Amino acid sequence: PEEVEDASEPTKRDRSHLENTLKLNEDKPADDFSGVLQRLRKIYHSSIKPLEQSYRYNELRQHEITDGEITSKPMVLFLGPWSVGKSSMINYLLGLDDTPYQLYTGAEPTTSEFTVIMHGPKLKTIEGIVMAADSARSFSPLEKFGQNFLEKLIGIEVPHKLLERVTFVDTPGIIENRKQQERGYPFNDVCQWFIDRADLIFVVFDPTKLDVGLELEMLFRQLKGRESQIRIILNKADSLATQELMRVYGALFWSLAPLINVTEPPRVYVSSFWPHEYHPDTHKDLFLKEEISLLEDLNQVIENRMENKIAFIRQHAIRVRIHALLVDRYLQTYKDKMTFFSDGELVFRDIVEDPDKFFIFKSILAKTNVSKFDLPNREAYKDFFGINPITSFKLLSQQCSYMGGCFLEKIEKAITRELPDLLGSIGLGKKPNVLSCDITGCGETPKNRYKKP
């Protein structure tokens with residue numbers, strides 16, 4: 001009789017490893033970083049934003065940083081084909097199963113919205129239109145994707161300890177044979193917006209759905225450059241026999257290899273992320289270990305949120321600086337080539353069509369601390385100058401004022417000194433962290449101002 005009872009009601013798994021790894025039972029107050037955030041905002045507004053606006057960086061990268069984004073919690077993004085268990089995984093991590101809060105799951109494509117699961121004092125659903133209108137949240141820039149998209153955006157506030165420190169985003173599953181137009185909004189652009197802001201990206205697969213089609217290929221193209229944030233999850237692993245699982249694992253690597261061309265393959269976690277006990281006769285110990293190391297990964301992102309935020313703003317500043325140097329170089333070349341009799345339009349078209357003839361990109365690389373990997377695409381500048389005439393910009397040398405100093409000097413100081421110093425100041429109170437300057441490459445190590453020379 002016991003067995004019969006077992007079959008009708010699957011037993012639930014013990015959750016203590018979840019609570020321990022994510023430190024959900026600790027009552028310690030969260031680190032207060034309000035002072036650091038204040039300084040970060042000040043550096044951004046006084047040293048980075050002026051150059052960003054002056055050279056219209058937002059039109060090149062479509063990435064404007066709002067105050068909401070500077071103060072936002074780390075974001076974990078769930079991507080992958082439909083019905084691979086993304087929503088079930090969120091329900092499991094937050095313990096929402098069998099509660100009124102749980103995300104809807106099922107065998108057919110169920111999540112057609114982008115669902116943002118965040119912390120709130122009581123359970124509440126927020127319409128996308130309301131989320132985008134609230135500038136204190138980091139989602140106000142989503143308004144640009146239009147009304148159709150906002151109807152597909154939904155926020156859920158849940159009073160949960162983990163959500164005090166992190167925000168989850170569940171995305172509509174990728175359906176390979178569906179055209180993007182059918183969604184009624186620019187799905188890829190919206191995905192890109194979330195990818196650009198995610199601290200951790202879980203790409204979830206199901207052993208029975210490993211076909212890599214065009215939409216998935218497109219997604220991996222969008223993930224270029226974010227390899228360090230990607231974690232691949234082979235979910236529902238206990239539904240297969242060991243030998244079958246090995247085969248599927250190999251097939252997954254095989255189909256993803258051409259899409260992720262990095263020297264080091266991303267970490268793949270093999271487990272079953274839902275509350276029910278693992279199937280008997282499967283590798284329970286392995287699955288549990290995999291799950292714990294994924295939770296440790298998540299915890300690391302939460303612990304390093306301030307370092308990641310500063311590194312992210314610094315990365316943004318480096319891109320803005322390179323963009324400004326390039327526009328300045330295009331403008332300088334244009335001024336040098338213009339004579340009294342030239343047709344400005346033709347002169348500039350010549351420069352934009354073949355920047356290499358005028359050593360535009362080479363001359364930027366010759367400057368100090370510009371990496372060739374950070375240079376934007378030449379084609380992007382054809383579009384950029386198609387909308388923004390070259391004559392609407394000023395040279396960098398003219399972007400100085402007696403009181404405010406020069407834009408370029410200020411952003412360089414932020415990149416080489418102010419942001420690394422800020423990073424150093426939070427490192428002091430903590431144990432030495434993995435995310436040190438060796439990895440984020442924050443230029444010089446902060447100097448000790450109190451040490452006598």
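A: Helices α9 and α10 make a right-handed crossing (the near helix is turned clockwise from the far one by less than a right angle). The model is predicted: local features need pLDDT of at least 70 and side-chain atom pairs pLDDT 80 or more, while totals for chains, interfaces and linings use all residues. Residues are numbered from 1 along each chain, and side-chain values use heavy atoms, without hydrogens and water.

Helix α9 covers residues 187-197 and helix α10 residues 214-222 (helices are DSSP runs of H or I, at least four residues, numbered from the N terminus). Their axes lie 10 Å apart, at an angle of about 35° (lines fitted to C-alpha atoms over the stretch in contact, with angles from 0 to 180 degrees between N-to-C directions). On the α9 side, F187, N188, D189, C191, Q192 and I195 make the contact (heavy atoms within 4.5 Å). From α10 come E215, M218, L219 and Q222. By class, five of these residues are nonpolar, three polar and two charged (Asp, Glu, Lys and Arg are charged; Ala, Val, Leu, Ile, Met, Phe, Trp, Tyr, Cys and Pro nonpolar; the others, Gly among them, polar).

Elsewhere, helix α16, residues 378-387, has Y381, F384 and F385 as its buried residues (under 20% relative accessible area, with exposed over 50% and partly exposed in between, for a 1.4 Å probe and protein chains only). Seen down the axis of α16, they fall within an arc of 90°, so they line one face of the helix (the arc is that of the directions from the helix axis to the C-beta atoms). The face turned away carries exposed D383, G386 and I387.

Technical notes. Helix = DSSP H or I, 4+ residues; strand = E, 2+ residues; numbered from the N terminus.
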